[in-house]
Amino acid sequence: MKPREVADVLRVEVQTLVRWLGDSHVPGFQIGPKQEWRIWREELRQYLHANRNITNVAKKSA
């Protein structure tokens, strides 16, 4: 996925997402002569799943 697509899904600015990519907060890779960022959909899903706030989910089900 391109950064714009991921930013739209996460409802953040593209600049914020690119900063997160550069800081390795979100998984992604750079490709091509312009070193454009790309994000694998499955890696993003796994990252979001692994880093979700499960404390609130556990409290709601208790």
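**Entry 1: the core**

I started with the largest nonpolar core of this predicted model. I count nine residues in that core: V6, A7, V14, L17, L21, V26, W37, I39 and L44. I then asked which helices supply at least two residues each, and found α1 (3-10) and α2 (14-22). The helix that gives the most is α2, with three residues.

**Entry 2: the layout of the chain**

Next I stepped back to look at the whole fold. I find four helices and two strands in the protein chain. Going along the sequence, I read the pattern as α-α-β-β-α-α. How much of the chain is buried? I get 18% of the 62 residues. I also looked up the contacts between residues at least 6 apart in sequence, and 26% of those join residues at least 24 apart.

**Entry 3: one side of α1**

Back to α1, where I wanted to know which residues are buried. They are P3, V6 and A7. These three lie on the same side of α1, because the arc they cover around the axis is only 100°. What do the buried residues of α1 pack against? I see α2, β2 (36-38) and α3 (41-50) as their partners.

**Entry 4: α1 against α2**

I keep in mind that two packed helices are described by the angle between their axes and the distance between the axes. For α1 and α2 I have an angle of about 105°, and the axes are 9 Å apart. The angle falls within 65 to 115 degrees, so α1 is roughly perpendicular to α2.

Which residues meet here? From α1 I list P3, R4, V6, A7 and L10, and from α2 I list V14, L17, V18 and W20. Sorted by class, this contact has eight nonpolar residues, one charged residue and no polar ones.

**Entry 5: I39, a core residue in a loop**

I39 belongs to the largest nonpolar core, and I wanted to see where this residue sits. I found I39 in the loop between β2 and α3. Is I39 buried or exposed? I39 counts as buried, because its relative accessible area is 1%, and the cut-off for buried is under 20%.

I then listed the contacts of I39, leaving aside neighbours within four places in sequence. They are M1, K2, P3, V6, L21, P27, G28 and L44. Among these contacts, V6, L21 and L44 are also on my list for the core. P3, another contact of I39, is one of the buried residues of α1. I looked up that pair as well: I39 and P3 are 36 residues apart in sequence, and their C-alpha atoms are 7.3 Å apart in space.

My last stop was R38, which I found in strand β2. How accessible is R38? Its relative accessibility is 21%, so R38 counts as partly exposed. The cut-off for buried is under 20%.

With residues up to four places away in sequence not counted, R38 touches M1, K2, P3, G28, F29 and I31. I finished with R38 and E5, which are 33 residues apart in sequence and 10.0 Å apart in space, C-alpha to C-alpha.

Conventions: Residues numbered from 1 in each chain as written. Predicted model: local features only at pLDDT ≥ 70, side-chain atom pairs only at ≥ 80, totals over all residues. Heavy atoms only, no water. Core = buried A, V, L, I, M, F, W, Y, C linked by side-chain atoms within 4.5 Å. Buried < 20%, exposed > 50% of the residue type's maximum accessible area, 1.4 Å probe, protein only. Contact = heavy atoms within 4.5 Å. Arc of directions from axis to C-beta. Axes fitted to C-alpha atoms, helices over the stretch in contact; angles between N-to-C directions. Parallel < 35°, antiparallel > 145°, perpendicular 65-115°, else oblique. Nonpolar A, V, L, I, M, F, W, Y, C, P; charged D, E, K, R; others polar.
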